[in-house]
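Work through the exercises below with the sequence and the structure open beside you. Each task is followed by a solution that goes step by step.

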Amino acid sequence: MKPLILLIEDDAQIRRFLRAALDAEGYRLQESITAEEGLAQAASRQPDLILLDLGLPDRDGLEVIQKIREWGKIPILVLSARGQEKDKIAALDLGADDYVAKPFAVGELLARIRAALRRSITRVDGAGSLVKFGPVEVDLEKRVVRVDSKEVHLTPNEYKLLQVLIQHAGKVLTQRQLLNEVWGPQHTEQAQYLRVYIAQLRRKLERNPARPKYLQTEPGVGYRLVPEE
Amino acid sequence: MRSLREALLAIAIVAVATIASVALRDALAPTNLAMIYLGGVVVVAMRCSRWVSVTSSFLSVAAFDFFCVPPYLTFAVSDYQYVFTFAGMLVVALVISTQTARLKEHASHAAVREARTEALYRLSSKLAGETRVFEAARSAATLAEDVFGARVVIFLPEDGNLSFRRRTSDLLPVPPSEESIAQWVFDHGHKAGLRTDVHSDATALYIPLRGARETFGVLAVLPDLENRIFAPEQQQLLEVFAGQTAVAIERTLSQRSAEETRVHMQTEQMRSSLLSAMSHDLRTPLASITGAASTLRTQDDRLPLETKQELLESISDEAERLGRLVGNLLDMTKFESGGVELRRDLYPLEEIVGTVLQRMEPQLEGRAVSTDLAENLPMVFVDDVLLGQVLWNLLENATKYTPPVSPLDLAAFEQDGAVIIEVRDRGPGIPPGEEELIFEKFYRGKSEKARGAGLGLPICRAIVQAHRGTIQALPRDGGGTTFRISLPVESK
């Protein structure tokens, strides 16, 4: 059966074009206008993905994420206003999977939906121990990294950082999330470490570190590993 | 404490004079030995207070009688001529004591006056540069602690009432219950608290900061160990100090209201030019969108497929243009209203450049952009999103105003304590005389290729200036333009 998407959005015009676009892609769609209704439907219909607008009339969208994460791992894609980096970070830290800033092109939204759905499926299967993107090959079992088939030496922290990014490939990770996973909860404020390590990883893995293809920055939010399609 | 020390010193000096006199008793006439005692009195008068030196005068005469005038070791005198010697010696000693004491008082008054002038000078020069009330109060409190050697806190009003929450020190050194005393001082403009008629049981002395028209806050002084601040001249100085602080705050406030008026006028001016720009720039794309959409709706069945595609494309292009315009307007308004909060941190420049270039990919349409970032470039202390926007705007301009085949270069290096970032093109260059104008709001180049609202570069300048940097457009050797951003190297 086609994946079911729950759209929680109060603006009728946006719902209208999303309905058309998602329908054309063959997704099944359930619409909610308020946070309350959305929460109820998320629990009863168990959708495969939730598209959530942060500016809802009855409740803060961030609260919706929190509530849903209390009981489930349904991928949540946030629709946020342009320039609201703080909201994006808050949404991701609460467990949202990704965000798309309004105004957005449908093509971009559909790509993000596909990626999020794919991730939620592979999470069940478990990723293989060999990961490849571009010229990079990572053997997660042997902890070996090769670029163009040549072995590259990574420091333990560099490897750990890469590993976390691979685990969440395609997903934005906030600086806080990365610092927490690699260095531990007491270091979540020391973002400049993270930047230095990302820069080093880029120098070792990217063909042109000044124009990274795989280790991408989400300005003001965090980082994302983009494996080649 | 101090008077006991002086008394002991006086006794010691008289004792030394006595020992010297006894030793010289056989060689000198007693009247000459009196000179040794007078010398001692001079020393005491110079070092001690008036009463100690007067007492030492009497003591000297007594010791002289007892040890130096025969018969020795008794106050009895063999020759009554010595009564004259005693009287003369006493008068001279007393004159020396009082005169020296007076001289010393003069000198110490002069020193106090000088210290006071210096303290007030330091206060006024420190407060002269302050443009914010709270900062002025904080400087004044810090300086007062230094000058008076006591703990000083200044409380400022909040919504018309004095509040212990708005204070210049982190800790509250007085009990919260004394807020009402401070309020009373604030309301009445009279001092209260320790050693005054009102609430003399308080832990601190509260002095109003009274300006010409109103009271701006309350200065609280906690007594120091030796209670020096309660000396009359210190009290006087404290009050002058409080007055000066109030005047400085008053000036700060009036400066601010002048500044607010100026900003307000500028905002008004901006609003009117904004309106005229908006009417044109917003309506043009809107007209295309409305036109194309209504054509599609009413004449759908009569339009060839190709035309339909064209109309759809124009709707999406124009909507995008409108979106950019609205975005720029919002950004500019945010900057103008001071609503932009920089979220600065240390970033490798490489990362910011990389993100921008990666996001620019579609606009660049395969055009070559070379990047030349110097090695060992220090990290830049910036808001990454905003600096990214500056680079984005510069590169976007470059793609719009230079031929598609011409190369773009992005370079960065360190020079004289600043990180320089340059975006260089090989376009037609900026007409001489317009290098500064292009950074003005709503200015559009004379060449009619320009289609923007004239906000991109002003936003760039606003962002760079918010980072205490500069941005300029320079003609490039061999043709084209260099946009040069200079950011001071700063740490967190």
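Helices (H or I, at least four residues) and strands (E, at least two) are taken as DSSP runs and are numbered from the N terminus. By this rule, the secondary structure of chain B comes to 11 helices and 12 strands. The model is predicted, so to speak of local features a pLDDT of at least 70 is needed, side-chain atom pairs count only at pLDDT 80 or more, and totals for chains, interfaces and linings use all residues. Residues are numbered from 1 along each chain as its sequence is written, while chains are lettered from A and ligands numbered from 1 in the order in which they are written.

**Exercise 1.** Work out the strand order of the open sheet of 5 strands in chain B, and find its edge strands.

Solution. Begin with the rule for pairing, which is that two strands pair if DSSP finds at least two bridges between them. The edges are strand E2 (161-167) and strand E3 (192-193) of chain B, each of which pairs on one side only. Next, look at one pair in detail: strand E1 (residues 152-158) of chain B is joined to E2(B) by 4 bridges, and B:Glu158 has B:Asn161 as its bridge partner in E2(B). Finally, helix H5 (residues 133-148) of chain B lies across E1 and strand E5 (215-221) of chain B, and runs at about 160° to E1(B), where axes are lines fitted to C-alpha atoms, for helices over the stretch in contact, and angles run from 0 to 180 degrees between N-to-C directions.

**Exercise 2.** Describe the open sheet of 4 strands in chain A.

Solution. The strands of this sheet in chain A follow the order E6-E7-E8-E9, again with antiparallel pairing. Its edge strands are E6 (130-133) and E9 (150-152) of chain A, and the twist averages 25° from one strand to the next. Strand E8 (residues 144-147) of chain A meets E9(A) over 3 bridges, with A:Arg146 standing opposite A:Glu151 in E9(A).

**Exercise 3.** Which residues of the largest nonpolar core touch the most other members, and where does this core lie?

Solution. A nonpolar core is a set of buried Ala, Val, Leu, Ile, Met, Phe, Trp, Tyr and Cys residues joined through C-beta atoms within 7 Å. A residue is buried if 20 or more other C-beta atoms lie within 10 Å of its own, exposed if 12 or fewer, and partly exposed in between, with C-beta atoms placed from the backbone. The largest core has 52 residues, of which A:Ile8, A:Ile50, A:Leu51, A:Leu52, A:Ile76, A:Leu77 and A:Val78 touch the most other members. Helix H8 (residues 191-205) of chain A gives the largest share, 5 residues. Domain 1 (4-125) and domain 2 (130-225) of chain A both contribute residues, so the core lies between them; the domain bounds come from an automatic or database domain assignment.

**Exercise 4.** Find how many residues of each chain meet where chain B touches chain A.

Solution. Two residues are in contact if their C-beta atoms, placed from the backbone, lie within 7 Å. Counted in this way, 18 residues of chain B are in contact with 16 residues of chain A. On the chain B side, H9(B) supplies the largest share, 7 residues.
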